Amino acid sequence: MLSRLSIFWRSALGYLTVIALVVGVNLYILDQFRVLTELGAELVTYHFPAVETAKRLITSLYSQLKSDKQYLVLRDTALLKEFLEEAENFRKTLAALQEQENSEEARELLQRTHQLHEEFHTLFLSEGVQQTEHSELSIMDYEDRRDALVDSMTEIINAYITLQESSIGGILRDSHIRSVQAEEITRQLIIMAILLGLGLAGVASYSIVRPLRRIQGQIRRIGQGQFGRTLPVTVPHELRELVNTVNWMGEKLQQLDEMKSEFLANISHEFRTPLTSMREGAQLLLDGVPGPLTRDQRETLTILLSSSQRLNQLIENLLDLSRMEADMLAYQFSPTDLNRLALRSAEKMKFLAERKHIQILTELDPDRARIQEVDGPRIEQVLENLLSNALKFSSEGATISIHSYPDEGVDGFHIAVIDTGPGIPPEDLPHVFERFYQGRTQEGRAYVGSGIGLALAKRVIEAHGGDIWAESELGKGTSVHFTIPSRTE
């Protein structure tokens, strides 16, 4: 039968086969991307706002608790009014969250939160406001019940946030599977078209696969947190709406990212004042101002002071990272002895190292250590972050070393912090300098930490025109290197 067909019809059938293949596969791909767009829209319009709203509920709840405590002491009507206004805002926010929620489990958590909040509100008005005389025993009983209600609400809201984050993870996994499927089918299209030996297959693959890969690359960049870049609308007409939707999704995620950064900056700023009071109070106690201390008391206060200093450093890192992302951080460059910075950083970490019986060694080149145009406090902050990471991941009795030596390749200086910890898996190594990135242990558990120390270090070193990278081998440890180009004195 095929032998009776003319060359024209053979060619025509070949073209029709290729066209049918291209059309069928592209319809499938468009459908997959439509589903991906819907999933992305669900993340932007529902899950992410729900998480942010739940976090605002926790903030509002602690504001009410603060007003409660202040009112019990001062009996100021302004504090009572502040409590009532914050409670009303809490109810409205919770009600709005309940209206948009379609999950039965999530609605039960929100309903339970509403019931507990009403109990908290009633308890405050009936016992905290109306009763003017309180015995010490009744006050303690009131505070116990109040704190129990607040803790329960906080736990339930956190459970709600965890539920939403679990849904987000499921959507992202589904999106990845669909993206992989679309890529595989596209690859099969190219192979089959080449096997048919028709020139139209090359044209079709170039005109369709290329824009699809660009869209896939844009979605991958969005998944990596690069929201600002938009994809130019230079694609076939059928894909233009999809490109616009992907660009819209990137813009919305960028807005959410900016809101998150602003939230972190604001909450970090609010933490600084009470944390400073705690640190000052601990220091006064250690100085013996209120009276002599026992050995156990002094040891406890020393741990408290050290922990508050670490927390203060974390807050400073958050604020610095927010200012760096907004290009609002000014650097003060001056001639600085990098060896002295390394020694001072090691001395600051000495107490934490001694608690884990870890030895910090320094192998510093005595020459060419003074570098021009360097912001000393920022470089010291980088060293402290690198040492803190090394201490966190090193076991008891391990050794951490700091090396410095001239680097002729950049006409500057090279510093390395080396530990003998468990090492970083190869799949995690390219991402360790991404902000808020959390690697996983060999057992699959996420490491505990903020995930901002190395991101901040990378920004500081790049601001100095240098480079920073990590080298690691599982079971043998990790080394983090950075270079600073400059002239020597």
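Strand β5 is mostly covered, for six of its seven residues are buried, where buried means under 20% relative accessible area, exposed means over 50%, and partly exposed lies in between (1.4 Å probe, protein chains only). The names of helices and strands used here refer to DSSP runs, helices being H or I over at least four residues and strands being E over at least two, numbered from the N terminus. The model is a predicted one, in which local features need pLDDT of at least 70 and side-chain atom pairs count only at pLDDT 80 or more, while totals for chains, interfaces and linings use all residues. Residues are numbered from 1 along each chain as its sequence is written, and side-chain values use heavy atoms, with hydrogens and water left out.

What are the partners of β5? Strand β5 pairs with β4 in the antiparallel sense over seven bridges, and β5 and β7 also pair in the antiparallel sense over seven bridges; two strands are said to pair if DSSP finds at least two bridges between them. Towards β7, I415 stands opposite F482. In a regular strand the side chains alternate between the two faces of the sheet.

These strands belong to an open sheet of five strands, in the order β2-β4-β5-β7-β6, with mixed pairing. The edges are held by β2 (359-364) and β6 (467-473), each of which has a single partner strand, so one side of each is left without a neighbour in the sheet. From one strand to the next, the twist averages 15 degrees; such angles run from 0 to 180 degrees between N-to-C directions, with axes that are lines fitted to C-alpha atoms, for helices over the stretch in contact.

In the loop between α11 and β6 lies H464, which counts as buried because its relative accessibility is 9%. Leaving aside neighbours within four places in sequence, H464 is in contact (heavy atoms within 4.5 Å) with Y331, F333, E373, V374, D375, I379, I484 and P485.

Is Q332 buried or exposed? Q332, found in the loop between α7 (295-325) and β1 (334-337), is exposed, because its relative accessible area is 57%. Apart from neighbours within four places in sequence, Q332 is in contact with V374, D375 and G376. The C-alpha atoms of Q332 and E373 are separated by 8.2 Å, although the two residues are 41 residues apart along the chain.

Another part of the chain to look at is helix α1 (residues 7-74), in which L27 is found. L27 is exposed, with a relative accessible area of 54%, and together with L16, I19 and V23 it forms a nonpolar patch on the surface with about 370 Å² of accessible area. Patches are made of residues with over 30% relative accessible area and no salt bridge, where like charges are joined within 9 Å and nonpolar side chains (Val, Leu, Ile, Met, Phe, Trp, Tyr) within 5 Å. A salt bridge is a side-chain nitrogen of Lys or Arg within 4 Å of a carboxyl oxygen of Asp or Glu, and accessible areas come from the Shrake-Rupley method with a 1.4 Å probe, only the protein chains shown counting as cover for residues.

Helix α1 also holds D68, which is buried, with a relative accessible area of 0%. Beyond neighbours within four places in sequence, D68 is in contact with F83, F120, F124, Y142 and R146.

Finally, the protein chain as a whole has eleven helices and seven strands, and buried residues make up 41% of its 489 residues. The chain exposes about 27,000 Å², of which carbon and sulfur atoms supply 55%.
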